[in-house]
Amino acid sequence: MSKFNLLRRRPAARSPIVTVAAPGVVNHQGGAGHVRDAKSELFLLAVANMVGEDTFYEAADDRDSRYGELVRRVALDDPQWMARFLRWLRTEANMRSASLVGAAEFVKARLDNRADDGLSNRAVVASVLQRADEPGELIAYWFARYGRRLPKPVKRGVADAVRALYDERSFLKWDSGNRGVRFADVLRLVHPAPRDAVQDALFEHILRDGPPAPELTVLTRRRALMALPAGRRRTALDPAELRAAGMTWEALAGWLQGPLDAEAWQAVIPGMGYMACLAEGTPIWLPDGTTAPIEEVVRRRLPVLAYDKEWDTRPVKYGANQGVRDRSVGTLVPTVPTEWIDAGTRRSARIRFVSGRVIIATVDHRWIRQRTRGRKTWEWATTADLVVGDRIPAPLTASYFGEEGDAWDGYFVGAMMGDGGMTSVTPEFHGDPDDGAVAFMREFATKLGCRVVEQPNGKIVRLRFPYKQWKRNPVTEVLRHYGVWGLGCANKALPDRPFSREFWVGLLSGLIDTDGCVRLRTNAKGTRHATVEIGTISSRLAEQVADALLRLGVTSTVRRRSPRDAVSEVAGRTVVSRHDLYVVEVSRATAVVKLAELLELRISYKATRLAEVAEVVRHVQPATSEMHGYDESVALDRIVGIEDAGEVPAYCVRVEPSHLFVANGLVTGNCLRNLRNFDEAGIPDEVADRVAARLADPGQVARSRQFPFRFLSAYRSARSSRWDAALERALDASLANVPSLPGRTLILIDRSASMWMCDRRSAVTFADQAAVFGCALAVRAEKPTVVVFGWDSREVEVPRDGALLPFVESLDMFSATNTAAAVRRHYRRHDRVVLLTDEQSATADASAGLPRRVPLYVWNVAGYRYGGTPSGLGNRHTFGGLTDAAFRMIPLLEAGRVARWPF
């Protein structure tokens with residue numbers, strides 16, 4: 001009889017939180033404890049650690065000391081893992097204080113132990129500083145912990161963050177006299193290099209005080225508002241002027257020196273504006289030089305590249321006293337959105353641009369465009385307002401890249417994608433034996449210790465890089481490393497990885513040397529025009545090349561030629577391709593000059609030709625007359641077609657302060673919703689009704705991926721019952737994000753005394769989080785049994801069609817904890833057991849009463865040192881943090897697959 005090879009037997013699945021054997025260990029209630037390895041303990045603590053906050057069993061100092069010790073230990077054992085974890089902890093898990101403390105302790109441990117493994121401490125510090133007040137927070141922590149001497153990696157990492165984060169609005173919002181380390185202190189300590197003249201003036205103003213320089217328009221406007229007599233301020237509530245002066249609602253209350261009435265609220269709260277959404281699949285530019293589809297940005301809560309200031313979009317008025325228009329557009333900087341929005345399926349339009357780029361956006365998506373009449377300034381428009389001929393800005397200063405690869409590797413990969421063969425047994429390259437590309441290939445192979453076999457073929461030579469006996473081919477390994485080995489011509493493209501600037505310059509040089517050409521044409525009027533072209537039959541490669549050029553400040557156009565037009569010459573013979581040919585063309589004079597300065601071509605005649613044509617068109621200047629206040633940091637891409645695209649899944653982010661980010665190489669607007677303060681008293685009923693309707697809109701909430709317990713927090717903090725119905729509908733819609741669990745599921749929610757702790761800034765306790773999450777699972781499960789327990793336990797009926805928020809409020813509170821008894825009492829041949837708890841129980845292992853074949857999933861909400869169950873293999877698994885990744889763990893593990901760290 002077969003014992004193992006059974007149809008229903010699933011393979012054992014692993015999860016990242018693992019326990020190790022440690023006899024005699026007890027938890028805080030005296031029950032048997034399970035010791036986790038350092039990474040597992042650190043993860044569960046970090047995603048629940050509010051730093052400086054007491055919990056039921058651990059004082060704040062003890063908890064923070066344990067956290068610091070774990071960080072220091074893992075920083076030495078596995079620094080690469082720790083660096084990734086800290087960045088994820090700040091950007092996706094949104095654990096602000098824990099990530100700052102973690103970065104400081106990480107650097108301290110590595111400096112004390114003289115770690116020298118090539119990992120940048122500076123980069124780790126910069127990666128966790130995502131808001132303008134955080135450089136001061138990290139320095140204050142270091143001063144309190146280790147004294148007033150800052151090591152160089154901390155200084156440099158903080159300086160990098162300051163350069164990216166400090167602007168006029170952040171200075172007004174975050175710098176105040178009640179902070180121990182102010183903006184001026186940070187500047188004196190780390191000496192950041194300003195990124196432009198405006199930031200230079202800002203730094204000088206922060207250090208010297210006094211009247212702001214003329215280029216500091218936000219500070220100048222704020223100063224003018226503050227100079228108004230208090231009695232006249234309520235008559236100056238112009239929403240546009242308040243926004244231009246960086247006036248938040250908190251600052252407005254102080255400025256008015258009195259309560260915010262209805263008029264004041266309507267002036268400062270963003271109106272029920274447009275819901276800016278982009279279609280699924282739209283590539284968004286990220287700070288590491290890569291792109292990600294908009295749905296991935298929303299799902300993973302990724303940072304984006306966004307402008308650091310609002311653009312001047314005031315209506316054009318003529319005559320005296322109109323004020324000086326701000327002609328600058330600011331700088332693209334890494335920005336963590338304040339909202340990530342899944343808006344559901346919505347009607348959309350496909351917009352085609354002269355560059356060949358295409359963006360699908362909802363009809364109410366916001367764009368910033370150049371006015372077509374009069375003074376050609378910036379103005380806001382929706383997709384429905386756009387017409388063929390409108391010009392949309394494209395960034396020319398997005399010089400953000402990763403660190404992977406160098407110029408040599410880039411040239412090799414580019415040349416191989418041009419004239420190389422990567423699908424046979426060994427790599428091949430075809431070229432003129434006397435040109436620089438072939439010479440480079442010989443040198444590159446020699447550098448790697450790889451033999452080169454040359455086979456003449458008419459005017460060209462075929463280079464082969466054969467295997468060495470019993471060893472891997474090093475040339476193949478380079479191609480494999482960069483993800484291009486084995487790709488046919490139509491599929492050639494790079495993986496979306498953070499390649500360095502040098503790598504991209506090398507790759508573009510290799511592509512132009514092999515598959516590119518340089519032309520100089522003279523039109524009928526005698527004007528000479530230069531173009532540089534790269535041809536490929538891979539549409540994806542053409543898109544990547546165009547993106548890389550734009551990040552380097554070079555505009556281009558991608559043109560598709562049908563097979564009958566795709567004619568080329570190979571070995572003296574005319575060949576007609578059977579594939580569409582995609583040609584990336586650089587034709588603007590300033591772009592050709594810039595490209596000539598960037599590239600390092602190795603084929604001498606092409607290098608000479610490029611230098612010659614660049615010199616011919618060098619005298620041409622940007623067309624500054626195109627727009628009043630034209631900024632050389634942007635180009636203008638013209639719309640050539642607008643078509644209906646039907647209903648599509650739509651997503652968006654919200655970024656401050658500009659509301660502008662980059663989608664598919666074009667500047668686009670974001671969502672204007674801001675619901676965080678709408679439940680404060682003061683706004684009139686008609687405004688509240690519009691806000692409530694949008695909050696409860698199923699199309700915006702049903703797939704928003706917001707956690708249900710966030711609606712509980714809003715429900716409790718609302719001063720008026722007018723929000724209740726909208727919050728209930730939003731909560732109901734949000735439950736659709738929880739996966740449906742087939743079969744019978746036992747859900748146990750810990751409501752013992754230790755679960756009722758919360759930090760000073762929130763009214764949501766561990767018990768609340770567990771209850772809302774457990775109820776969300778129950779609503780979606782096929783046959784749930786929900787149990788609340790402490791020392792005693794009882795089953796509860798979760799309302800599937802009723803109001804969950806008051807139901808959660810009504811759940812019992814128990815004394816002590818007996819998890820094992822609750823499991824034994826209520827387990828009735830269920831298919832799985834889900835336990836939401838802090839894992840502190842005076843009794844036996846909670847899994848002891850379960851058959852080994854029944855999966856037990858524990859969600860640890862507190863992060864204490866010792867767990868209540870084994871974890872990591874088979875059918876016993878522990879997770880923490882209540883992140884959206886946790887929802888996906890159950891079906892993943894029940895499919896017998898490995899669940900990895902979420903970073």
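Helices α2 and α3 are oblique to each other, a class that takes in the angles left over once those under 35 degrees (roughly parallel), over 145 (roughly antiparallel) and 65 to 115 (roughly perpendicular) are set aside. The model is a predicted one, in which local features need pLDDT of at least 70 and side-chain atom pairs count only at pLDDT 80 or more, while totals for chains, interfaces and linings use all residues. Residues are numbered from 1 along each chain as its sequence is written, and side-chain values use heavy atoms, with hydrogens and water left out.

Two packed helices are described by the angle between their axes and the distance between the axes. For helix α2 (residues 60-77) and helix α3 (residues 79-91), the axes come within 6 Å and cross at roughly 130°. Such axes are lines fitted to C-alpha atoms, for helices over the stretch in contact, and the angles run from 0 to 180 degrees between N-to-C directions. Helices (H or I, at least four residues) and strands (E, at least two) are DSSP runs numbered from the N terminus. From α2, the residues Tyr 67, Val 71, Val 74, Ala 75, Leu 76 and Asp 77 meet Pro 79, Trp 81, Met 82 and Leu 89 of α3, contact meaning heavy atoms within 4.5 Å. The residues of this contact divide into 9 nonpolar, no polar and 1 charged; Ala, Val, Leu, Ile, Met, Phe, Trp, Tyr, Cys and Pro count as nonpolar, Asp, Glu, Lys and Arg as charged, and the others, Gly among them, as polar.

In the protein chain as a whole there are 31 helices and 32 strands. Of its 903 residues, 54% are buried, where buried means under 20% relative accessible area, exposed over 50%, and partly exposed in between (1.4 Å probe, protein chains only). Among contacts between residues at least 6 apart in sequence, 69% join residues at least 24 apart.

Helix α5 (residues 121-128) is mostly covered, with 6 of its 8 residues buried. The buried residues of α5 are Asn 121, Val 124, Val 125, Ala 126, Ser 127 and Val 128. Their cover includes α3, α4 (96-112), α6 (134-146) and α7 (152-165).

Aromatic rings form 19 pairs in the structure. Rings of Phe, Tyr and Trp (its six-membered ring) pair if their centres lie within 6.5 Å; planes under 30 degrees apart count as stacked, over 60 as edge-to-face and the rest as tilted. Trp 408 and Phe 444 make a stacked pair, 6.2 Å centre to centre with 25° between the planes. Trp 408 belongs to helix α16 (residues 407-419) and Phe 444 to helix α17 (residues 436-448), so the pair ties together parts that are 36 residues apart in sequence. Trp 408 is partly exposed, at a relative accessible area of 24%, whereas Phe 444 is buried, at 3%. The pair of Phe 499 and Trp 504 is edge-to-face, because the ring planes stand at 80°, with centres 6.2 Å apart. Phe 499 and Trp 504 are both buried. One aromatic cluster is formed by Trp 408, Tyr 411, Phe 412, Phe 440 and Phe 444.

Charged side chains also lie over ring faces, as counted when NZ of Lys or CZ of Arg is within 6 Å of the ring centre and within 35 degrees of the ring normal. Lys 108 is placed over the face of Tyr 146, at 4.8 Å from the ring centre. Arg 148 is placed over the face of Phe 143, at 4.3 Å from the ring centre.

Several single residues may be described in turn. His 34, in strand β2 (residues 34-36), counts as buried at 18% relative accessibility. Its C-alpha atom is separated by 7.1 Å from that of Val 20, 14 residues apart along the chain. Leaving aside residues up to four places away in sequence, His 34 touches Thr 19, Asp 845, Arg 865, Tyr 866, Gly 867, Gly 868, Thr 869 and Pro 870. Ser 424 is located in the loop between β13 (420-421) and β14 (428-431) and is partly exposed, with a relative accessible area of 35%. Ser 424 and Trp 485 are 61 residues apart in sequence and 9.7 Å apart from C-alpha to C-alpha.

Asp 209 has a phi near 65°, a positive value in a residue other than glycine. This residue lies in the loop between α10 (197-208) and α11 (217-227), and at 58% relative accessibility Asp 209 counts as exposed.
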